Amino acid sequence: MTDDAVLTEQLDYYRARAMEYDKWWLREGRFDRGPEANTRWFAETTELEHVLERFDPRGDVLELACGTGLWTRHLVDYADSVTAVDAAPEVLAINGARVGDAGVRYVEADLFTWSPEERYDACVFAFWLSHVPEARFEEFWAMVAGCLKPGGRVLFIDSARTERSTAADHVLPEDGGDDTMTRRLDDGREFQIIKRFYDPAELERALGELGWKASVSGTPEYFIYGTASRG
Ligand SMILES: C[S@@+](CC[C@H](N)C(=O)[O-])C[C@H]1O[C@@H](n2cnc3c(N)ncnc32)[C@H](O)[C@@H]1O
C-alpha cells in the first residue's frame, strides 16, 4: 500500500474505533494484559501526567490529533485557550462531551494538509508522531514550527516499542521494517496503519538536524516523551 492509502485507512480506523478507543488507555478488553502489566501501565500514565504538569502548557495551546480528550481534559487546567485539532468528527464529539469546556476551539482537519491560522505558546501531541510516516516526518515538524509563537514550546508523548502496550491480538511492525501494522476493532474489522517506534536518543538527534532543541526520554516500559523548541 502507498503511504496515502495507509493514511486514509488509518483515519478510517480511528473514526471506526472512536467509541472503543479509551479501552486502550483503561486497559480493558483486548488491552488487559494482566495485573502486573496493568499496574505498571497505570503507574507510567501517572508519570506522563506529571510530565505534562512539569511542562506547564500555559498561554495559547494547540493540541494536534486530540482524539477523545484524554489530554485535552488536562490541558484546559493549564492553558488560557486550547485549540484542538483532529480529522475524525467522531472523536471530536466524544472529546467535546468529555471536556465540556465551551472555551475549547475544535478544528476538524487533516494534519497532513492543515496549516495553522494562528500562533501558539505551546503545541502538544500525544500518540500522534508514531502515526506520521517517515517520508512526512520533516514536513510535519515544519508545520509544527509554523504553529509556534517566538519562544513557543512543544511537548509530545508516544508509545515505546513493547508488545504489552497494544491489544493481545495485534502484532507490532518489525523493527526496521516498513512501519505498517494491522489493527483490529472489537468486531474483528482490520485496518492498516502507520506505527513507528522511536529510540529517544535517535529522535533527539533527528530533531536536532531539523533545527530543534529537543530532549527526549522514556518511562520504564511503555512510553516516550519529549520537549522541543526552535534552537
Ligand atoms: C492514537 S490517537 C491519539 C489521540 C489522543 N491524542 C490521545 O492521546 O488519546 C490518533 C488520533 O489521530 C487522529 N487522526 C488520524 N489521522 C489523522 C489525520 N490525518 N489528521 C488529523 N488527525 C488524525 C485520530 O482521529 C485519532 O484521534
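Helix α1 contributes the most to the lining of the largest pocket, with seven residues. The model is predicted: local features need pLDDT of at least 70, side-chain atom pairs count only at pLDDT 80 or more, and totals for chains, interfaces and linings use all residues. Residues are numbered from 1 along each chain as its sequence is written, and side-chain values use heavy atoms, with hydrogens and water left out.

**Largest pocket**
- Its volume is about 680 Å³, taken as the space filled by probe spheres set on grid points joined across faces, edges and corners.
- A pocket is an open set of points on a 1 Å grid over the protein atoms alone, where a 1.4 Å probe fits, with protein on both sides within 12 Å along at least five of seven lines; lining residues have an atom within 4 Å of a point.
- The lining has 43 residues, and Y14, A65, F127, W128 and H131 are the closest to the centre.
- At least two lining residues come from each of α1 (3-17), α2 (22-26), β1 (60-64) and β6 (180-184).
- By class, 25 lining residues are nonpolar, ten polar and eight charged.
- Nonpolar covers Ala, Val, Leu, Ile, Met, Phe, Trp, Tyr, Cys and Pro; charged covers Asp, Glu, Lys and Arg; the others, Gly among them, are polar.

**Ligand**
- Of the 20 residues around the ligand (a heavy atom within 4 Å), A65, D86, D110, L111 and A126 come nearest.
- This shell holds 16 nonpolar, two polar and two charged residues.
- A backbone N or O atom of A87 is 3.2 Å from a ligand nitrogen atom.
- The protein covers 98% of the 590 Å² of accessible area (Shrake-Rupley, 1.4 Å probe) that the ligand has on its own.

**Second largest pocket**
- Its volume is about 340 Å³.
- Of its 18 lining residues, E134, R196, F197, Y198 and E202 are the closest to the centre.
- Helix α7 (residues 200-209) gives the most to this lining, with four residues.
- The lining divides into six nonpolar, two polar and ten charged residues.

How values were computed
Polar contact = N/O pair within 3.5 Å; in protein donor to acceptor, adjacent residues only side chain to side chain.
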